[in-house]
Amino acid sequence: MTAIDAKGRSRGVPSHVAIIMDGNGRWAKQRGLPRSAGHRAGAKSVRVVVEESIRHGVGALTLFAFSSENWRRPRAEVMVLMEIFMSTLQMEVQRLVEHDIQLRVIGDLSAFSERLQAQFHEAQVATRNNRRLILQVAANYGGRWDVTQAVRAIARDVAAGRLAPEAIDEACVAARLSFPDLPDPDLFIRTGGEKRISNFLLWQSAYAELYFSELMWPEFDADAYGAALHDFARRQRRFGRTGEQIAASVDVVGG
């Protein structure tokens with residue numbers, strides 16, 4: 001019998017999935033297409049993964065859309081990415097509302113145009129009461145940036161006398177990161193064949209299960225995502241305990 005958690009979710013299903021959507025440019029190059037074609041094709045995979053997350057009961061999905069390092073790419077490619085951001089927001093907000101999906105955008109958004117920042121804000125306001133899935137888009141995000149801004153917030157609180165230095169602990173740092181109200185990612189997926197985490201959710205992914213796919217992001221379909229979820233369900237997550245301790249705790253809960 002499959003164990004069920006307090007929210008009615010099968011314990012084999014991750015509550016939070018994080019994905020590095022890698023391989024758009026290489027997918028396009030393999031087909032003799034401009035890199036922009038890969039980014040546009042990748043947008044379709046986003047829709048598939050969102051839909052499948054809802055179907056499987058995933059509670060939160062965080063997608064690495066644009067890193068703080070991506071500004072180093074050719075200007076033309078960056079402009080295409082900005083265009084895709086804007087057009088996708090315009091087309092998808094109503095769909096998000098209809099499917100009870102809450103959109104959040106995390107990262108240093110000050111680097112984007114005022115128009116795009118306004119669109120981010122409007123989309124988040126329009127979906128803020130939705131609860132079926134929390135969809136986080138990481139834009140101009142970096143894990144080191146996230147930790148740095150948390151440290152700055154702590155320093156301000158200490159300087160203002162609101163926080164004693166000896167009171168600083170892991171929970172204190174975590175509370176000042178980008179999404180303190182969500183659980184840390186259980187499953188961390190990267191497509192495109194690369195096997196690194198590339199400055200994504202460094203603190204939050206300390207205990208995430210890593211899954212690397214050789215598929216380019218535009219090729220990552222419902223079956224590929226299902227395979228990642230299935231692989232996750234087969235893993236035993238010990239968090240420092242032994243396998244025997246985990247088995248014993250499951251037996252007690254199953255009762």
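Tutor: Let's begin with a term: a contact here means heavy atoms within 4.5 Å. In the protein chain, residues 24 or more positions apart account for 75% of the contacts with a separation of 6 or more. Keep in mind that this is a predicted model.

Student: Ok, how many helices and strands does the protein chain have?

Tutor: The count is eight helices and six strands. Starting at the N terminus, the order is β-α-α-β-α-β-α-β-α-α-β-β-α-α.

Student: And what share of the residues is buried?

Tutor: Of the 255 residues in the protein chain, 44% count as buried.

Student: Which residues touch the most other members in the largest nonpolar core?

Tutor: Those are Val17, Ile19, Leu61, Phe85, Phe112, Ile189 and Tyr225, in a core of 41 residues. Helix α3, residues 75–98, gives the most to this core, with eight residues.

Student: Let's pick Phe85, then. What does it touch?

Tutor: Leaving out residues up to four places away in sequence, Phe85 touches Ala65, Phe66, Phe112, Leu116, Phe120, Val137 and Ala139. There's also a second, separate core of 14 residues, with Ala138, Leu182, Leu201 and Ala208 among them.

Student: Switching to helices. At what angle do α2 and α7 cross?

Tutor: Roughly 45°, and the axes of α2 (residues 35–56) and α7 (residues 222–234) come within 10 Å. That angle is why α2 counts as oblique to α7. The crossing is right-handed.

Student: Which residues meet there?

Tutor: From α2 you have Val48, Val49, Glu52, Ser53 and His56, and they meet Ala222, Tyr225 and Leu229 of α7. Sorted by class, this contact has five nonpolar, two polar and one charged residues.

Student: Last one: serine 67. Buried or exposed?

Tutor: Buried: the relative accessible area of serine 67 is 8%, and the cut-off for buried is under 20%. Serine 67 is found in strand β2, residues 60–67.

Student: What does serine 67 touch?

Tutor: Asn140 and Tyr141, again not counting residues up to four places away in sequence. Serine 67 and glycine 143 are 76 residues apart in sequence, yet 9.3 Å apart in space, C-alpha to C-alpha.

Notes: Residues are numbered from 1 along each chain as its sequence is written. This is a predicted model: local features need pLDDT of at least 70, side-chain atom pairs count only at pLDDT 80 or more; totals for chains, interfaces and linings use all residues. Side-chain values use heavy atoms; hydrogens and water are left out. A nonpolar core is a set of buried Ala, Val, Leu, Ile, Met, Phe, Trp, Tyr and Cys residues joined through side-chain atoms within 4.5 Å. Buried means under 20% relative accessible area, exposed over 50%, partly exposed in between (1.4 Å probe, protein chains only). Helices (H or I, at least four residues) and strands (E, at least two) are DSSP runs, numbered from the N terminus. Axes are lines fitted to C-alpha atoms, for helices over the stretch in contact, and angles run from 0 to 180 degrees between N-to-C directions. Angles under 35 degrees count as roughly parallel, over 145 as roughly antiparallel, 65 to 115 as roughly perpendicular and the rest as oblique. A crossing is left-handed if the near helix is turned anticlockwise from the far one by less than a right angle, and right-handed if clockwise. Ala, Val, Leu, Ile, Met, Phe, Trp, Tyr, Cys and Pro count as nonpolar, Asp, Glu, Lys and Arg as charged, and the others, Gly among them, as polar.
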